[in-house]
Amino acid sequence: MKNKISTWQVGNVKITRIIEGERAGPMFVVPDAVPENILKMPWLQPYFSDSEGNTIVSVHALILETPEKCIIVDTCLGNDKERHIPSWNMLQTKFLEDLELAGYKTDDIDTVLCTHLHTDHVGWNTVLVNDKWEPTFKKADYLFGREEWNYTEKQLGNPLYAEFINDSIIPIIESGLVRFVEIDEKICEEITLEPTLGHTPGHVSIMINSEGKKAAITGDFLHHPCQMEKLDWISSADWDPELAKETRRRKLSDYANEKTLVFGTHFASPSAGYVIKKDNHFIFEVHHPL
Ligand SMILES: [Zn+2]
C-alpha cells in the first residue's frame, strides 16, 4: 500500500485522504473491467491498473478542513462489522489511528457527510462499544441525504442492506445526531452538495470552491478511471444504469471544461487528478499530493 495519509490544498480548504484499504484484483462492480479490456488502456498504468491488467481500487475517506468546518466525507467500511462480502467482513484496520496521525481526533470532526448510503461509505459512522454501536464522531452533525434515506429505509427487508443499515445508520438516527439534507445543500462557504443521481436515487458529489479553485469528490457515479474512456461500462451496483451513464458523461464533461481537481472516491493512489477530454471520451491525469 502507498502512503495511507496524503494532503492537498485547494484555496483555503485542506483535503486529507485516509486510506482504509487499497488492492489490485478483480473489480466485480464493473463487470467489463477484466484484464483483457483494461490492458487496452495503458494510460491506466501504473496507478489504476497493474501490468497484468488488474484494476487497483481504494476505499478511503477525505477530510475537508475549511476555515469554519472539519468534515469527513464517506466513512469507509469500519471495524467489527459482519458483512456478506468476505474481504469486508469483520475488518480490524487502524483507520482511526491513521486519522489521528493525520492530525484529527474523532471529536475534531464536526460534520460527517455520506455521498450515498452504501456499506463502504457509512462504516466508521459507528464503533462497537460494550456490544453496542455508538457514533464514532460524537460532536458531529451527520448529514444524510433525505432522498437517499427515503429509498434506503425501504431496503431493510433485504439482508444485504439490513446488515449495514442496522449497525451504521439506525444507531446514528437514534442518537439524534442526524440532519437530513437536500441533494443540492450548501454545507458552508466552500462546500456544496451536487446531485449525481443514478448509482443511487439520492446520490451526491461534493463541490469545493475556494479562492477561484475548484475541486470535486465524485462519490460512486463512477468507480474507476477506466469508466472515463468507457463511459457505458456500467456498475452492477447502479440503481438506474441509464441515468448513471448520463450522469457520468455530463459530470466528466463539466470537470474537464472547468479544470476541476477531481477526487475519485474509489480511485487508487494518488486518487486525485484532472479529467481530460479526448475525442468522444475522457482520460485522467493524476495530481500528486503535497
Ligand atoms: Zn463505494
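Colleague: In what order do the seven strands of the open sheet run?
Modeller: The order is β10-β11-β12-β13-β14-β15-β16, with mixed pairing. Strands here are DSSP runs of E, at least two residues long, and helices are runs of H or I, at least four, numbered from the N terminus. Two strands pair if DSSP finds at least two bridges between them. This is a predicted model: local features need pLDDT of at least 70, side-chain atom pairs count only at pLDDT 80 or more, and totals for chains, interfaces and linings use all residues. Residues are numbered from 1 along each chain as its sequence is written.

Colleague: Which are the edge strands?
Modeller: β10 (186-188) and β16 (281-286), each pairing on one side only. From one strand to the next the twist averages 30 degrees.

Colleague: And which helix packs on that sheet?
Modeller: Helix α7 (residues 241-257), which touches β12, β13 (213-217), β14 (261-263), β15 (272-278) and β16. The direction of α7 makes about 100 degrees with that of β15. Axes are lines fitted to C-alpha atoms, for helices over the stretch in contact, and angles run from 0 to 180 degrees between N-to-C directions. Contact means that the C-beta atoms of two residues, placed from the backbone, lie within 7 Å.

Colleague: Do β11 and β12 pair parallel or antiparallel?
Modeller: Antiparallel, over five bridges between residues 191-195 and 204-210. Leu-193 stands opposite Ile-206 in β12.

Colleague: Switching to β8, why is that strand largely enclosed?
Modeller: Four of the five residues of β8 (residues 141-145) are buried, so the rest of the structure largely encloses the strand. Buried means 20 or more other C-beta atoms within 10 Å of the residue's own, exposed means 12 or fewer, and partly exposed is in between, with C-beta atoms placed from the backbone.

Colleague: How many residues has the largest nonpolar core?
Modeller: The core has 53, and Ile-208 is one of those with the most contacts inside it. A nonpolar core is a set of buried Ala, Val, Leu, Ile, Met, Phe, Trp, Tyr and Cys residues joined through C-beta atoms within 7 Å. Strand β3 (residues 55-65) gives the most to this core, with five residues.

Colleague: Last one: where is Ser-271, and is it buried or exposed?
Modeller: Ser-271 is in the loop between β14 and β15, and is buried, with 27 other C-beta atoms within 10 Å. The C-alpha atoms of Ser-271 and Ser-58 are separated by 8.3 Å, at 213 residues apart along the chain.
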